[in-house]
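We will go from stop to stop, picking residues as we go.

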Amino acid sequence: MAERIEYIDSAKGLCMLLIVASHVGIADPWPGAYSVRVILFFVLSGYFFSAKLNIKEFFRKKTKTLLVPFLFWWVLSYVLFYLGQALIPNFSDMTSAKGIFDCFTQKEYFNGPLWFLLALFFLQAICYFVERYIPSSIYKCTVYTLIGIVGCKLAFYEIDLPLNIDVAFSATPFFVMGMLLRRYSIIEHFEKNSVVAISIVVLYSLYLFCPVAIFMSVNRFGNSFPEVYGIGAALSMAYILLTKLASEYLPMVSKILAYVGYNSLIVMCAHHLLYRPFKMLLVRYSFGDFDGLILLVVSIGVSLLLVSVIERYCPFIIGKEKK
């Protein structure tokens, strides 16, 4: 089991807060807040990636931690989808989902965030084969770059592949960035807090100078290939350094974010199913500008309350084993 690093878990928690906030309709809390929230998740996933297992053990592990949770939440989501169609008038107007085979035919799912698990599975499979069977670092870099270019070309021509495989291609360079951050201990080299703070300002300024529009879930980009990857990498690095700085000066906030990050899978898989019924209630009993904040707190809060129950009775649905 990989050693936990608090500021990395905190960065995951920050990502999860931003993802849920964007889904429940909260406006960007600052410029660029939502631009790389998913990209950063790919970077952080790459941070702990390892290709040391043999191929059988590797795919057994990834099936348990990614595909099994995906299948459980996918089936549950579409059971609820079909119940909604049967019981709620005009239910089809509330979602772009069509049916349980959506992952083969379109990018709009009833439980939207599940796309990430599929993309991450195929992305890790790609990186496993590259890391295991291509010995030269130069050749690896070339292959990863070409895969990213293929993903961007698919996005440019609006060609969608089933099971979010095109997203896996586009996300590969960001995942590799996470691998390199860990391999060369790059974040650890930022030892002085003053250097960390200055780096955050400089990296964030790059985004302000050249804002990027990145819609990773549907593999669409509003900028050129160099801008997407350059600014995306810079802003991701700024967020990681921000959580590293927070661990020093805001330890309680850091620990809360780290807890959310450690349990990010349950929040990711459950929050769409939780906030929608509450959102229907708020249509009738609205609190005005506070509706989005209420949905954010409820979605994440209830998800985290489910953690202990799930870990005790059915941990396989979040890729874990019974303790």
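**Stop 1: helix H8**

Select helix H9 (225-249): H9 is part of what covers the buried residues of H8. Helices here are DSSP runs (H or I, at least four residues), numbered from the N terminus.

Before moving on, note what you are viewing. This is a predicted model, where local features need pLDDT of at least 70, side-chain atom pairs count only at pLDDT 80 or more, and totals for chains, interfaces and linings use all residues. Residues are numbered from 1 along each chain as its sequence is written, and side-chain values use heavy atoms, with hydrogens and water left out.

Now select H8 itself, residues 193-209. Its 17 residues should span 24 Å at 1.5 Å a residue, and its end C-alpha atoms are 24 Å apart, which agrees. The expected span is 1.5 Å times one less than the number of residues.

Which residues of H8 are buried? Pick Val196, Ser199, Ile200, Leu203 and Tyr207. Look down the axis of H8: these buried residues fall within an arc of 105°, so they line one face of the helix. The arc is that of the directions from the helix axis to the C-beta atoms. An α-helix has 3.6 residues a turn, so residues three or four places apart point the same way.

Turn to the face of H8 away from its buried side. There you find the exposed residues Ile198, Val201 and Phe209. Buried means under 20% relative accessible area, exposed over 50%, and partly exposed in between (1.4 Å probe, protein chains only).

**Stop 2: H7 against H9**

Show H7 with H9. They pack at an angle of about 40°, with their axes 11 Å apart. The contact (heavy atoms within 4.5 Å) involves residues of H7 including Phe174 and Met177. On H9, Gly232 and Ala233 are among them.

**Stop 3: two loop residues**

Select serine 185, in the loop between H7 and H8. Its phi is near 50°, a positive value in a residue other than glycine. Is serine 185 buried, partly exposed or exposed? At 31% relative accessibility, it counts as partly exposed.

Next, go to leucine 163, in the loop between helix H6 (137-156) and helix H7 (165-183). Phi of leucine 163 is near 60°, also positive in a residue other than glycine.

**Stop 4: tyrosine 109**

Finish in the loop between helix H4 (102-105) and helix H5 (115-133), where tyrosine 109 lies. Tyrosine 109 is buried, with a relative accessible area of 4%. Beyond its neighbours within four places in sequence, its contacts include Trp74, Tyr78 and Asn164.

Conventions:
Axes are lines fitted to C-alpha atoms, for helices over the stretch in contact, and angles run from 0 to 180 degrees between N-to-C directions.
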